[in-house]
Amino acid sequence: MKSKLSPCVLSLFCLNTFIIYAQPNTDNAVISTIKINDHISMLQWSGAGNMMLLSGKDGNILIDDQFAPLSEKINVAIQAINPGQVKFLFNTHYHGDHSGGNVNFANKGATIFAHANVRARLAADSTNLKFTKLTKPEPSAAFPVVTFFDDMNVYLNNEDIVIFHVENAHTDGDAMFFLPKSNVLHTGDCFMKGRFPYIDANSGGSVNGWLNAVSRALLLIDDETILIPGHGDLANKKDYRDVRDAVMSLRDAVKKNIKTGQNLDKILAMNLTKDYDKTFGSGFINGDAIVTTIFKELSRAK
Ligand SMILES: [Zn+2]
């Protein structure tokens, strides 16, 4: 992108944690069910994060739960697939468009699992210097009751669910969920199909951590794997590799220019993202935004 950052984009940088939390109007939201196989579905509404439902004899297992006002609609969609309440709920990370329904599902009997930093961040408030979340702490019913630091395997509904933490990627509490038998991977917000990644540096995210996270996921999956991204439609390995390669090449280009003493304005004027703008830059992270994120991180690391 040639243009300098617009005030609108600048405000996104200033308020990025808030923006990602900002709850759109959910009155007319429709939860779509996209069947992946006979016991796994993606539940989707474009205004919030993608969910995965794993159903079967062990009950309903849900990954992510969008915003609180949508819980009833989500539940209706679930009942149409497999009657019964959600037994286990997993959060891919703490952002409200993925964990906002925690209280509602917990009140209906779901046990919530997530990385330890998801619990820490849901409990934090804006006066806590360690965190910069602009909302008050969530009620304790929203907190995961089982947390993990690294990896965890869960065996339910004839699936081996491989849960692995990826460090400092989109946030500092991301987990991905791989089901090798069905060959399905839920990436959480470590992947938004057809979009540059949103790196929430205020919540421990980092570009280099994100690149490592994608590389780790790509080692696990193959060309047949069905990816449920945090946002966007179902995807495949190539979709994920393409955005990883784009960000890696931008990271390297920005690094080279920092070494030769270029400042952010000069690097933005180089239009380094011109080959990627149409493919990945049409979302709220445009070319200038991802270059700025990379520049800030690499400048800090110098
Ligand atoms: Zn997120």
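## Basis and overall architecture

The model is predicted: local features need pLDDT of at least 70, side-chain atom pairs count only at pLDDT 80 or more, and totals for chains, interfaces and linings use all residues. Residues are numbered from 1 along each chain as its sequence is written, and side-chain values use heavy atoms, with hydrogens and water left out.

The chain comprises 11 helices and 12 strands; helices (H or I, at least four residues) and strands (E, at least two) are DSSP runs, numbered from the N terminus. Of its 302 residues, 54% count as buried, that is, under 20% relative accessible area, with exposed meaning over 50% and partly exposed in between (1.4 Å probe, protein chains only). Among contacts (heavy atoms within 4.5 Å) with a separation of 6 or more, 65% are between residues 24 or more positions apart.

## Zinc site

The zinc ion has as protein donors H93 (NE2), H95 (ND1), H170 (NE2) and D189 (OD), at 2.2 Å. Donors are N, O and S atoms within 2.8 Å of the metal (3.2 Å for Na, K and Ca); water is not among the atoms, so sites may look incomplete. The angles among the four donor atoms run from 85 to 165 degrees, and the site is irregular. Four donors count as tetrahedral if all angles lie between 85 and 135 degrees; four count as square planar and six as octahedral if opposite donors are over 155 degrees apart and all others between 65 and 115; anything else is irregular.

Along the sequence, the donor residues follow the spacing H-x1-H-x74-H-x18-D. Distant parts of the chain are linked by H93, in the loop between strand 5 (86-90) and helix 4 (96-99), and H170, in the loop between strand 9 (159-165) and strand 10 (175-179), 77 residues apart. H93 is buried at 0% relative accessibility, and H170 is buried at 1%.

## Packing of helices 8 and 11

Helix 8 (residues 237-259) packs against helix 11 (residues 287-301) at an angle of about 55 degrees, with the axes 10 Å apart. The contact involves residues including V247, L250 and V254 of helix 8 and I290, I294 and L298 of helix 11. Axes are lines fitted to C-alpha atoms, for helices over the stretch in contact, and angles run from 0 to 180 degrees between N-to-C directions.

## Loop residues with positive phi

Most residues other than glycine have a negative phi. Q66, in the loop between strand 4 (60-63) and helix 3 (71-81), has a positive phi of about 55 degrees and is buried at 0% relative accessible area.
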